[in-house]
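This report describes one protein model in plain terms. Please look at the sequence and the structure before reading on.

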Amino acid sequence: KKTRSLSSMPGDTVIKHRSRNDTIIEHRENNLKATVDLQKENLKGLAKKVKELNKNNAKKEQLISDVEKTMYDLVEKHAASLEILQTEHINADEDLQHEVEVLQAEVNHLKWQVDNQEEME
């Protein structure tokens with residue numbers, strides 16, 4: 001298809017072509033503007049979602065931090081309780097050992113008394 005330059009066309013044909021071209025360009029500009037506006041709205045929606053996700057992540061990170069702190073505190077308390085129990089166990093063993101020694105001494109003394117009494121008879 002051959003295109004003729006506008007200068008070789010009659011006057012009202014040139015005006016019609018320019019008018020048609022202007023209409024097409026205006027239509028394309030309007031479509032592009034509508035597409036740009038739509039993309040801007042989509043970006044705003046995405047930005048809002050990203051902001052919301054960041055807020056949710058911050059809440060979850062805080063929750064994880066709180067749980068970690070609670071767990072650490074519980075482990076520390078458990079370790080302290082375990083240490084106390086071990087100390088009490090050691091003290092109880094020492095007390096029992098002392099009682100055994102006292103009772104053994106009493107048994108030995110009673111044996112000595114029995115032996116001495118038998119010898120006296």
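The text below covers the overall fold, then the salt bridges, then the surface patches.

The model is predicted: local features need pLDDT of at least 70, side-chain atom pairs count only at pLDDT 80 or more, and totals for chains, interfaces and linings use all residues. Residues are numbered from 1 along each chain as its sequence is written, and side-chain values use heavy atoms, with hydrogens and water left out.

**Overall fold**

The protein chain has 1 helix and 0 strands. Helices (H or I, at least four residues) and strands (E, at least two) are DSSP runs, numbered from the N terminus. Helix H1 covers residues 11–120. Of the 121 residues in the chain, 2% are buried. Buried means under 20% relative accessible area, exposed means over 50%, and partly exposed lies in between (1.4 Å probe, protein chains only). The chain exposes about 11,700 Å², and carbon and sulfur atoms supply 58% of this area. Such areas come from the Shrake-Rupley method with a 1.4 Å probe; for residues, only the protein chains shown count as cover.

**Salt bridges**

Side chains of opposite charge can pair when their charged atoms come close. The structure holds 2 salt bridges, each defined as a side-chain nitrogen of Lys or Arg within 4 Å of a carboxyl oxygen of Asp or Glu.

| Pair | N to O distance | Separation in helix H1 |
|---|---|---|
| Lysine 44 and glutamate 41 | 3.7 Å | 3 residues |
| Lysine 69 and aspartate 73 | 3.4 Å | 4 residues |

Lysine 44 counts as exposed because its relative accessibility is 55%. Lysine 69 is also exposed, at 54%, whereas aspartate 73 is partly exposed, at 30%.

**Surface patches**

Patches are made of residues with over 30% relative accessible area and no salt bridge; like charges are joined within 9 Å, and nonpolar side chains (Val, Leu, Ile, Met, Phe, Trp, Tyr) within 5 Å.

Which residues form the nonpolar patch on the surface? They are Leu63, Val67 and Met71, with about 290 Å² of accessible area together. Valine 67 lies in helix H1 and is partly exposed, at 41% relative accessibility.

Asp93, Glu94, Asp95 and Glu99 form a negative surface patch. Asp and Glu count as negative, Lys and Arg as positive, and His and the chain ends are not counted. The place of a charge is taken as NZ of Lys, CZ of Arg, CG of Asp or CD of Glu. Glutamate 99 is in helix H1 and counts as partly exposed, at 47%.
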